[in-house]
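Here's a quick briefing to read alongside the coordinates.

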Protein chains: 2
Amino acid sequence: MTVYYEDIEIGTEELYGSFTFTEEHIIRFATAYDPQAFHLDHEAAKASHFGALCASGWHTASIWMKLYVQHHQKQQLAAQQRGEATAELGPGLGFKNLKWIKPVYVGDRLSYGSKITAKRISEHRPRWGVVSCDNWAVNQDGVTVFEFSATVMRERRP
Amino acid sequence: MTVYYEDIEIGTEELYGSFTFTEEHIIRFATAYDPQAFHLDHEAAKASHFGALCASGWHTASIWMKLYVQHHQKQQLAAQQRGEATAELGPGLGFKNLKWIKPVYVGDRLSYGSKITAKRISEHRPRWGVVSCDNWAVNQDGVTVFEFSATVMRERRP
């Protein structure tokens with residue numbers, strides 16, 4: 001799929017892939033960006049309201065971004081290999097109602113995906129469409145741990 | 001300041017500090033979490049809608065978290081040195097209306113801060129208060145580049 005704005009259908013769900021949060025990953029992200037004890041140290045985490053070492057919420061969110069980008073890069077590569085034009089991923093404009101619903105503990109494997117909820121052509125930048133989607137991560141037990149709604153730009157077919 | 005829930009006053013503004021987005025930092029974050037060409041490569045960025053290498057929006061957000069945590073850790077340390085009890089930073093519950101207003105380019109220096117907009121005692125967890133705040137980053141030209149509203153838990157005075 002080349003995924004220009006015109007290819008996007010409201011209601012479509014896409015799965016972006018899965019990621020296992022290892023101790024090493026959790027501590028590396030937290031050291032750089034969220035140095036709270038319950039993201040860095042097992043003993044301190046055990047004594048905290050979380051009860052065990054868990055990932056920074058911004059880590060959970062950043063992995064969403066990583067898998068989203070990689071998913072679209074794979075689609076672009078496949079289109080290129082078929083000799084088709086490829087749509088640019090436009091800039092994200094922001095998001096609404098981000099919720100960290102459950103902690104993400106060491107060893108948790110999250111699967112990420114999204115559902116298209118609305119689309120319209122940009123008034124100010126007619127080269128682009130504006131696409132709204134609901135995004136989520138579920139853990140290995142099928143429990144939703146993270147969700148937010150995003151609005152992103154998507155290139156229109158030339 | 002010990003910053004228990006009871007110490008927090010609506011309308012208070014806090015500055016968390018500044019961070020300069022170097023090329024090295026931008027590329028390191030993007031490589032791990034947002035591998036789009038305009039966050040990784042000068043030439044590709046020049047040809048993109050951004051016009052120059054710029055930081056992942058999730059990077060801008062993660063640095064907010066880092067400075068927020070460090071700010072409160074300094075307050076806790078100061079309280080401990082005065083022999084006072086220290087309040088725990090509670091878990092973040094989520095965010096609303098995050099906006100990446102302007103790109104953050106190599107060399108941009110962002111200053112981060114927030115303003116308390118509301119507070120209430122948690123219905124379900126009476127040990128905790130629920131605090132709402134508006135958060136932002138402004139660049140070296142005084143332009144707001146990033147903002148969001150957060151709801152966080154804050155420990156009540158024992």
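A residue counts as buried if 20 or more other C-beta atoms lie within 10 Å of its own, and as exposed if 12 or fewer do. Keep in mind that this is a predicted model.

**Helix 1 of chain B**
- Helix 1 of chain B covers residues 23-33, and its buried residues are B:Ile26, B:Phe29, B:Ala30 and B:Tyr33.
- Looking down the axis of helix 1 of chain B, you'd find those buried residues within an arc of 95 degrees, so they line one face of the helix.

**Helix 3 against helix 3**
- Two packed helices are described by the angle between their axes and the distance between the axes.
- Here, helix 3 of chain A (residues 57-81) packs on helix 3 of chain B at about 175 degrees, with the axes 11 Å apart.
- That angle is why helix 3 of chain A is called roughly antiparallel to helix 3 of chain B, given that angles over 145 degrees count as such.
- Chain A brings A:Trp58, A:Ala61, A:Ser62 and A:Met65 to this helix contact, while chain B brings B:Trp58, B:Ala61, B:Ser62 and B:Met65.

**The whole contact**
- Chain B puts 24 residues into the contact and chain A puts in 23.
- On the side of chain B that touches chain A, helix 3 (57-81) and strand 2 (89-100) each supply at least two residues.
- Strand 2 of chain B gives the most to that side, with eleven residues.
- The class tally for that side of chain B is 13 nonpolar, seven polar and four charged.

**Symmetry**
- Rotate chain B by 180 degrees, with 0.0 Å of shift along the axis, and it superposes on chain A with an RMSD of 0.0 Å.
- The two copies are therefore related as by a two-fold rotation axis.
- In chain B, the C-alpha nearest that axis belongs to B:Lys96, at 2.4 Å.
- Both copies use the same surface, as 96% of the contact residues of chain B recur in chain A.

Terms used: Residues numbered from 1 in each chain as written. Chains lettered and ligands numbered in written order. Predicted model: local features only at pLDDT ≥ 70, side-chain atom pairs only at ≥ 80, totals over all residues. Contact = placed C-beta atoms within 7 Å. Helix = DSSP H or I, 4+ residues; strand = E, 2+ residues; numbered from the N terminus. Nonpolar A, V, L, I, M, F, W, Y, C, P; charged D, E, K, R; others polar. Axes fitted to C-alpha atoms, helices over the stretch in contact; angles between N-to-C directions. Parallel < 35°, antiparallel > 145°, perpendicular 65-115°, else oblique. Least-squares fit on C-alpha atoms with pLDDT ≥ 70 in both. Arc of directions from axis to C-beta.
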